[in-house]
Amino acid sequence: MKNATQRLVGRRGFLRTAVGAAALGFGGSFWDDATLEAATQNVNRNSRPSQLKITDLRVAVVKDAPMTCPLLRIDTNQGLVGWGEVRDGASKTYALMLKSRILGENPCDVDRIFRKIKQFGYHARQGGGVCGIEMALWDLAGKAYHVPVYQMLGGKFRDRIRGYADTTQSKDPAEFGRRLKERKDQGFTFLKMDLGYQLVADTPGTVTMPAGMIPHELRNTQHMFTGIELTDKGVAMLAEYVAKVREQVGMEIPLAADHFGHIGVNSCIKLGRALQPYNMAWLEDMIPWQHAELWKKITDAIEVPTLTGEDIYLKEDFVKLAQMHAVDILHPDLATSGGILETKKIGDLIQDYGVPMAMHFAGTPVSCMANVHCAAATENFLVLEQHSVDVPWWDDLVTGVEKPIVNQGFVKVPEGPGLGVELNLEVVRQHLAPGEQLFAPTPEWDQERSHDRLWSFDYRMAEPPAAKRQRAD
Ligand SMILES: [Mg+2]
């Protein structure tokens with residue numbers, strides 16, 4: 001397959017010969033490269049989107065961004081390349097297993113392809129493959145029609161996207177407050193902190209816990225099944241921790257809190273009430289999102305906003321939580337929730353119930369730009385997470401946008417076609433995860449075969465008439 005440069009040279013060669021021959025009446029050319037470049041500069045060389053076909057899907061996994069992130073490259077028959085990204089921490093297999101289902105498709109049919117492959121996603125990391133491909137399809141569609149993604153979603157509500165950031169943890173609230181103050185000094189207008197019971201658990205009498213619990217076994221135990229509860233003393237110490245942080249950053253800047261540890265519902269309520277004087281922006285994922293009724297019990301019992309959503313796949317569960325007013329704010333991760341269009345739909349649907357949409361994000365600038373286009377085009381967007389403020393090479397992964405990408409806490413909405421960024425392959429190469437290659441061929445995923453039906457039907461109705469006749473003969 002020719003790359004873009006080869007195609008351009010091929011067309012120039014043809015033009016030079018054809019125009020020259022026509023003008024002079026004999027073979028050869030009097031057009032030099034500069035003249036030809038000027039004559040063809042307004043030609044849209046990607047001018048046949050209706051003929052665009054997907055020809056390949058490849059992966060490059062980077063590490064320490066700060067997460068491990070599988071980047072996607074979708075190739076086409078016209079030399080256009082689309083970039084996408086699987087959810088941070090997820091397996092690249094979630095995308096590669098979809099390759100055989102998208103080969104030969106026109107990537108501009110984003111919604112149709114999404115509906116074809118969405119059965120292969122699920123909550124949390126398992127949504128990453130479907131969403132990563134969806135991002136790359138939008139990138140290709142935008143490049144094919146030469147418009148930024150936000151424009152294809154209906155246009156912009158804003159030109160720059162507000163970010164929120166947290167920082168590394170410290171059990172010393174003065175030290176942690178100082179680190180968070182640095183984020184404010186960097187220009188961030190919205191902050192987040194972790195507030196786990198582990199901050200105070202070293203002090204006797206702060207936490208009740210069944211004896212003999214092994215921490216790593218707790219990881220996949222849902223919060224209310226651990227038997228861990230905060231005592232009044234533990235609640236008071238956590239509130240005091242926040243008070244000391246507020247002394248450093250002030251009371252005015254929004255300050256959210258996350259990662260409370262696996263505590264029960266009543267501990268969540270006690271802590272929420274104790275945090276009310278500190279003007280928290282939200283309390284995040286205190287219990288798993290699946291327990292909507294328990295979330296509503298917490299939300300109704302406290303006057304601090306509650307939030308969940310970073311592990312929910314597809315719009316339906318977001319709508320259910322919004323209808324119930326189980327939480328005050330919903331928080332999709334676009335690389336899990338269904339990609340760019342599904343997340344815009346989530347925003348629009350929950351807006352009808354008066355619920356704002358914050359956005360969780362922890363990937364590279366490719367996924368960041370997918371978020372930025374979606375946030376720009378969604379009216380009830382509140383704020384977008386920025387997780388890579390301390391990664392010095394994060395900006396260098398891409399070209400095509402202003403640097404720093406996160407400037408004074410905001411990202412400017414790019415105006416280039418598609419997502420608006422191109423990967424810097426040399427920087428990607430420098431940060432590949434161990435054992436990973438830079439977009440190596442993936443022919444082993446070309447032929448995977450399964451009958452992907454979602455309901456039962458008579459297979460004879462799907463048989464082409466010619467085949468049926470042949471069989472009868
Ligand atoms: Mg979170």
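Helix 13 passes helix 15 in a right-handed crossing, meaning the near helix is turned clockwise from the far one by less than a right angle. Helices here are DSSP runs (H or I, at least four residues), and strands are E runs of at least two, numbered from the N terminus.

A word on the source. This is a predicted model, where local features need pLDDT of at least 70, side-chain atom pairs count only at pLDDT 80 or more, and totals for chains, interfaces and linings use all residues. Residues are numbered from 1 along each chain as its sequence is written.

Back to the pair. Helix 13 covers residues 315-324 and helix 15 covers 339-351. They pack at an angle of about 15°, with axes 10 Å apart. That makes helix 13 roughly parallel to helix 15 (angles under 35 degrees count as such). Axes are lines fitted to C-alpha atoms over the stretch in contact, and angles run from 0 to 180 degrees between N-to-C directions.

Which residues meet? On helix 13, Lys315, Phe318, Val319 and Ala322. On helix 15, Glu342, Lys345, Ile346, Leu349 and Ile350. Contact means C-beta atoms, placed from the backbone, within 7 Å.

Next, helix 10, residues 232-249. Its buried residues include Met237, Leu238 and Tyr241 (buried: 20 or more other C-beta atoms within 10 Å of its own). The buried residues pack against elements including helix 8 and helix 11. Just after helix 10, Gly250 takes a positive phi of about 85°.

Last, helix 16. Here 12 of the 12 residues are buried, so helix 16 is largely enclosed by the rest of the structure. Among them are Pro365, Cys368 and His373.

Methods
Parallel < 35°, antiparallel > 145°, perpendicular 65-115°, else oblique. Contact = placed C-beta atoms within 7 Å. Expected span 1.5 Å × (residues − 1).
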